[in-house]
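The sequence and the structure are shown first, and the description follows.

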Amino acid sequence: MDFQDLFKLRPVYAFDVNNGKISYVVRDKIPSAYIHDEGKVPLEDVYAEGVEWITDKKLAIIGDPGGSEKREIYIYDRNKVFPLLKDQYDNFGTYFINEDKFLFISNRDGKTLHLYLYDKGDIIQVSKGDNPVENYCLSPSKKRVVYSQGIYDNDLYVYDLDRGEVISKISYPNSEETVSLYCFKDEDNFLFISNKDNYFDIYNFNIEKEEITEVIKSEHEKYEVVPIADKIIYSEDVYGDFKIKIHKGNELVTEGFNSYLTPDQDYIYYIGSTYNRHFDLYRVDILTGKIERLTNSMDNIKGDFVKPKVVKYYSEGGIEINALLYEKGGEGKGVVYIHGGPDWECTDSFNPEIQFLVDRGFKVICPNYRGSTGYGRRFNHLNDKDLGGGDLKDIINSAKLLGVKKVAVTGGSYGGYLTMMAVTKYPDMWCSAAAVVPFVNWFTEKKFEREVLQQYDEMKMGNDENLLRDRSPIFFIDNIKSPLLILAGENDPRCPAEETRQVIEKLKERNIEVEYKIYEDEGHGFSKIENYVDSIRRVVEFIERHCK
């Protein structure tokens, strides 16, 4: 694989299926909507993010203009596309009840993300309070909706759409309860997940009896659960492999990062990726276990791709840290690759940047630093009020496992922030560094990031000014010794481009050279294919050039 091959990649980002009829979002020159076996939906100059069948001929499309996260809802009908809900707000996560009525999530109150009902042009707020809504599901009659609301302490609400009121609530202290999109077994019973006992486990709730029953419990996280026929299908995260399993049955999918479990007829459709293949749409027959790949993300691209192995080490405070290690053997240089989030993890999925680095003689480690997902609620909260502290120590200690003299560091989003923390707090460790869509200043980040992230950061990091200053790389720019590359998106609402400009201005004041690029019409990540390819090429070549 070379950089030009990246132009051929066609990963699937989202999909929907209705009685075997499939639509999905694929990255072309920009992310675009397609109908399987029919062709491209003519939605121009908007980055498609989601699709949903309204009828067997009418399709809803979620589009994001320029990566600004002011998403819009479009309708495709009779070969034409027209806007249904297009305003200054972020509108996404639709579920159509009929052609003129649907649920969706929006920030239209200007404070957080709420659940709304669109009914023939009227918009009614369903959820109340100050906390954001994350997920929801609809009953078979489409008269009841269950939604998860909160920040690190989510409750579930059962809402009767006819009566316009909450009829039941599930709440455990200091835990998160949430649902998958297809959660109902029947009108009175739905499945939900809760980490009240540390790991996300699966439960059944009977609405009429208000009765909770434990269904599946294990020492691994369960992130999705779907009832289909008389079976329960769920995903379980085992050290970065999101396996798909049948309750009291077989493993259907044993490796890779697999998500968006969707039932249709006798199949579970899902998006899956492994270390050697980008995200494709698959379906698995729940009766026979046969798996079919329905798209071709790789276009016959070949490479000497390396499968990561799980390694463990102990960090500050005796905390055990898991990591994914990529190596061919005999490497004399290495890279610490920092995942974003912080509520995320390293997964066994296709990462061209890591594979390019390994192919160029680098050993690469991706640590699941404290605060990562995948290892229980307690581990996920070890970084509370300590972002850029203990987790940074975990990053530093991961470099020791590489066993090489020259080490670079890179990451995106929160990983970009930790990259900047690494080069300012431990400046002598790195041969080079590449920070992608980072933030560097807690004061400006908390002021200018989008509203829901302001809520999360206030809870996760707090407002102690001394702590915020100590954990803001911008105040320690003078410490930087390694060559630095920074990439940002002009329209990024999460880590605004202004964060990158602060670094550039500070370094220029000191006549210190920095390589940077701020991509126009891009947000928190790079959607245009030429920008996506350019960003990967820049990172890989920069690290290789400065770590010979």
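## Terms and basis

Axes are lines fitted to C-alpha atoms, for helices over the stretch in contact, and angles run from 0 to 180 degrees between N-to-C directions. Helices (H or I, at least four residues) and strands (E, at least two) are DSSP runs, numbered from the N terminus.

The model is predicted: local features need pLDDT of at least 70, side-chain atom pairs count only at pLDDT 80 or more, and totals for chains, interfaces and linings use all residues. Residues are numbered from 1 along each chain as its sequence is written, and side-chain values use heavy atoms, with hydrogens and water left out.

## Packing of two helices

Two packed helices are described by the angle between their axes and the distance between the axes. Helix α1 (residues 352-359) and helix α9 (residues 529-546) have axes that come within 10 Å and cross at roughly 30°. The crossing of α1 past α9 is right-handed, a term used if the near helix is turned clockwise from the far one by less than a right angle.

On the α1 side, the contact (heavy atoms within 4.5 Å) is made by Pro352, Glu353, Phe356 and Leu357. On the α9 side, Tyr532, Ile536, Val539, Val540 and Ile543 take part. The contact of α1 with α9 comprises 8 nonpolar residues, no polar ones and 1 charged residue. In this classification, Ala, Val, Leu, Ile, Met, Phe, Trp, Tyr, Cys and Pro count as nonpolar, Asp, Glu, Lys and Arg as charged, and the others, Gly among them, as polar.

## Disulfides

A disulfide is a covalent bond between the sulfur atoms of two cysteines; here it is assigned to a pair of cysteine sulfur atoms within 2.5 Å. By this rule the model has 3 disulfides. With the bonded cysteines of the protein chain numbered in sequence order, the pairing is 1-2, 3-4, 5-6.

Cysteine 137 is joined to cysteine 183, with an S to S distance of 1.9 Å. This pair links distant parts of the chain, 46 residues apart: cysteine 137 lies in strand β13 (residues 133-138), and cysteine 183 in the loop between β17 (177-178) and β18 (184-186). Both cysteine 137 and cysteine 183 are buried, meaning under 20% relative accessible area (1.4 Å probe, protein chains only). A second disulfide joins cysteine 346 to cysteine 366 (S to S 2.0 Å); with -85° about the S-S bond, this link is left-handed. Cysteine 346 is buried because its relative accessible area is 3%, and cysteine 366 is buried because its relative accessibility is 5%.

The sulfur atoms of cysteine 431 and cysteine 547 are 2.0 Å apart and form a disulfide. The torsion about the S-S bond of cysteine 431 and cysteine 547 is about 95°, so this disulfide is right-handed.

Cysteine 495 is buried because its relative accessible area is 6%.

## An antiparallel sheet

Two strands pair if DSSP finds at least two bridges between them.

Strand β27 (residues 267-274) and strand β28 (residues 277-285) run antiparallel and are joined by 7 bridges. Tyrosine 270 has tyrosine 282 in β28 as its bridge partner.

Definitions and conventions
Buried < 20%, exposed > 50% of the residue type's maximum accessible area, 1.4 Å probe, protein only.
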